[in-house]
Amino acid sequence: MQALIFDVDGVIAETEEGHRLAFNRAFAEAGLEIEWNRELYERLLWVTGGKERIAHYLYHCPECPKLLEADIAGLHRRKTELYNQIVRAGEVPFRPGVLRLWREARQKGVRLGIATTTSLENVQVLLEQAGPEVPGWFECIVAGDMVAKKKPAPDVYIQALQQMRLKPGEALAIEDSHNGLIAAQQAGLPVLITYSHYTRSQCFEGALAVLDHLGEPELPAQVRQGPKSTGLVVTVELLRDWLHLATTHG
């Protein structure tokens with residue numbers, strides 16, 4: 001295992017609630033009588049990509065206006081601006097264990113990458129909340145608009161591996177959703193799932209392990225699927241052990 005490749009939304013931080021609020025504020029600003037509650041948004045997350053999510057909702061909403069593609073793109077740009085305001089205000093904290101694992105990976109020579117369906121701007125603004133130097137920790141950031149097809153297509157992971165000059169077996173993907181799991185698996189990567197609030201009920205068949213988060217010494221992770229452990233804190237050494245077990249036992 002030479003590298004860890006992270007998804008962003010739901011993995012690095014519980015960003016989806018920030019995204020939901022930003023969508024609703026953008027709709028209100030545009031004079032659209034649309035509000036996505038948590039239950040509806042959880043279903044809409046099966047559609048990857050913000051513009052795609054808006055288009056999908058409008059298509060299936062008989063009373064909603066039928067916006068042109070350019071109007072949807074403009075609405076999404078405003079939503080991105082509003083979301084980044086929310087992030088900069090410190091309202092989107094990092095999930096347990098994320099910063100700790102990044103620092104440990106850097107100390108042990110494990111390379112870092114990102115493969116996400118969100119926009120590059122969203123990623124950079126979020127990473128900067130951990131410190132101005134943190135975006136530079138990542139060898140590559142492949143965002144949704146940089147590939148032909150978004151997750152569950154494997155495009156972002158294939159491109160990340162190419163940029164990092166890695167074979168699939170030399171990296172581990174960290175995801176929170178079924179779509180992300182499928183995308184990484186199709187690219188040939190083993191996958192660790194740290195499910196988020198909005199993906200907790202999804203199916204993660206074939207994942208290396210399924211946890212509620214990466215864990216801290218004072219806040220250990222809980223294992224839902226995979227090697228059982230108490231007081232679990234995900235470390236580079238633990239991930240290598242799990243990968244060895246998965247390879248040995250098929």
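**Helix packing and the sheet**

Helix α1 passes helix α4 in a right-handed crossing, meaning the near helix is turned clockwise from the far one by less than a right angle. Helices here are DSSP runs of H or I with at least four residues, strands are E runs of at least two, and both are numbered from the N terminus. This is a predicted model, with local features needing pLDDT of at least 70 and side-chain atom pairs counting only at pLDDT 80 or more, while totals for chains, interfaces and linings use all residues. Residues are numbered from 1 along each chain as its sequence is written, and side-chain values use heavy atoms, with hydrogens and water left out.

Back to that helix pair: the axes of α1 (residues 16-29) and α4 (residues 69-88) come within 8 Å and cross at roughly 130°. Axes are lines fitted to C-alpha atoms, for helices over the stretch in contact, and angles run from 0 to 180 degrees between N-to-C directions. That makes α1 oblique to α4, since angles under 35 degrees count as roughly parallel, over 145 as roughly antiparallel, 65 to 115 as roughly perpendicular and the rest as oblique.

Now for the sheet. Seven strands make up an open, mixed sheet, ordered β3-β2-β1-β4-β5-β6-β7; two strands pair if DSSP finds at least two bridges between them. β3 (140-142) and β7 (223-225) are at the edges with a single partner strand each, so one side of each has no neighbour in the sheet. On average, neighbouring strands are turned by 25° against each other, direction ignored.

Within the sheet, β1 (residues 3-6) and β4 (residues 171-175) pair in the parallel sense over four bridges, and Ala3 has Ala171 in β4 as its bridge partner.
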